[in-house]
Amino acid sequence: MNFSSEQTPHAKEAIRRWFDWHRKTQLPEYAALLTGLRNQLNDSVTPAQVCGWSEELRNTVAPAFDHMLQLGAPLVPGLGEAQWQHMEKHYSKGNEELRRDHLQPNIEERLEASAKRTIKRIENLYGSIDEAQRRLITTNIAASPFDPEAWLIERQRRQHETLLTLRRLAAEPVETEQVVAALRVLVERVERSADADYRAYQVKLTEYNCAFIAQMHNSTSATQRRHAHDKLKSWEGDFRALANHAIR
């Protein structure tokens with residue numbers, strides 16, 4: 001955000017308070033979520049189950065985002081041109097990275113890059129996959145409704161709305177509660193776009209991805225599921241260790 005010397009101590013204090021709160025109250029929740037999830041890995045799953053996991057994840061992490069908004073809201077009225085320019089540069093850099101990684105001019109290169117990313121993520125959880133599973137991934141990616149052009153347009157729309165909202169809040173005399181409410185609307189836009197067509201696209205893509213993930217999981221062997229179980233248990237242990245350290 002490129003805070004000024006006057007803003008920096010307040011920003012650092014808000015960040016410190018958020019991390020302290022997060023370690024003590026949220027990390028145990030994340031660990032419990034992983035416990036419940038890994039206990040289901042030995043069985044086959046349905047698309048509805050996968051979508052349920054996704055919804056549970058969103059609900060579990062939502063308090064962290066909301067608490068961040070509450071702690072950060074008092075800083076908004078003090079923002080100015082230096083911060084807007086920094087945000088615009090950050091957005092521009094991120095959009096260029098999106099174009100490079102997801103919008104290759106050649107459609108075959110685009111699908112190949114998407115397959116590589118997906119395989120890397122799946123192998124991070126399940127370990128090495130076989131050729132049949134690789135074909136399953138490439139087939140599903142080719143048929144996916146994922147539209148990176150639409151994603152970029154929506155992303156730029158949210159960025160524009162964010163800058164407009166922050167500029168307005170910094171320019172007008174507003175109470176902290178009003179700032180929090182306005183910031184909550186911006187966060188909600190991530191899950192529920194202001195554009196009706198994009199909302200419909202989000203629903204379609206989510207349903208497709210839930211079905212793909214279920215199909216992928218159901219193709220895994222006992223060894224791969226054990227690898228996933230151990231991976232989630234490791235993450236769970238990390239969360240609990242960090243939470244216990246914060247309590248001490």
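Arg 184 comes out as partly exposed, at 40% relative accessibility (buried is under 20% relative accessible area, exposed over 50%, and partly exposed in between, with a 1.4 Å probe and protein chains only). The model is a predicted one, in which local features need pLDDT of at least 70 and side-chain atom pairs count only at pLDDT 80 or more, while totals for chains, interfaces and linings use all residues. Residues are numbered from 1 along each chain as its sequence is written, and side-chain values use heavy atoms, with hydrogens and water left out.

The partner of Arg 184 is Asp 66: their side chains meet in a salt bridge, 2.6 Å from N to O (a salt bridge being a side-chain nitrogen of Lys or Arg within 4 Å of a carboxyl oxygen of Asp or Glu). This pair links distant parts of the chain, with Asp 66 in helix 2 and Arg 184 in helix 7, 118 residues apart. Helices here (H or I, at least four residues) are DSSP runs numbered from the N terminus. Asp 66 is partly exposed too, at 24% relative accessibility.

A search of the whole structure turns up one disulfide, defined as a pair of cysteine sulfur atoms within 2.5 Å. It is formed by Cys 51 and Cys 210, whose sulfur atoms sit 2.1 Å apart. The link of Cys 51 and Cys 210 is right-handed, with 115° about the S-S bond. As for accessibility, Cys 51 is partly exposed, with a relative accessible area of 24%, whereas Cys 210 is buried, at 4%.

Back to helix 7 and its packing. Helix 7 (residues 176-191) packs with helix 6 (residues 148-171) at an angle of about 180°, the axes being 10 Å apart. Axes are lines fitted to C-alpha atoms, for helices over the stretch in contact, and angles run from 0 to 180 degrees between N-to-C directions. That makes helix 6 roughly antiparallel to helix 7, a label for angles over 145 degrees. On the helix 6 side, the contact (heavy atoms within 4.5 Å) is made by residues including Glu 154, Arg 158, Leu 166 and Leu 169, and on the helix 7 side by residues including Val 179, Leu 183, Leu 186 and Arg 189. The residues of this contact divide into eight nonpolar, two polar and five charged. In this scheme Ala, Val, Leu, Ile, Met, Phe, Trp, Tyr, Cys and Pro count as nonpolar, Asp, Glu, Lys and Arg as charged, and the others, Gly among them, as polar.

On to the salt bridges in general. Side chains of opposite charge can pair when their charged atoms come close. The count comes to 20 salt bridges. One of them joins Arg 99 and Glu 96, with the closest N and O atoms 2.6 Å apart. Both residues lie in helix 3 (residues 81-102), three residues apart, or about one turn of the helix. Arg 99 is partly exposed, at 30%, and Glu 96 is partly exposed, at 43%.

Helix 4 (residues 107-126) holds Glu 112 and Lys 116, four residues apart, about one turn of the helix. These two form a salt bridge, the closest N and O atoms being 3.6 Å apart. Glu 112 is partly exposed, at 45%, while Lys 116 counts as exposed, at 56%. Finally, Glu 13, Arg 16, Asp 20 and Arg 23 are linked in a network of salt bridges.

Conventions
Helix = DSSP H or I, 4+ residues; strand = E, 2+ residues; numbered from the N terminus. Parallel < 35°, antiparallel > 145°, perpendicular 65-115°, else oblique.
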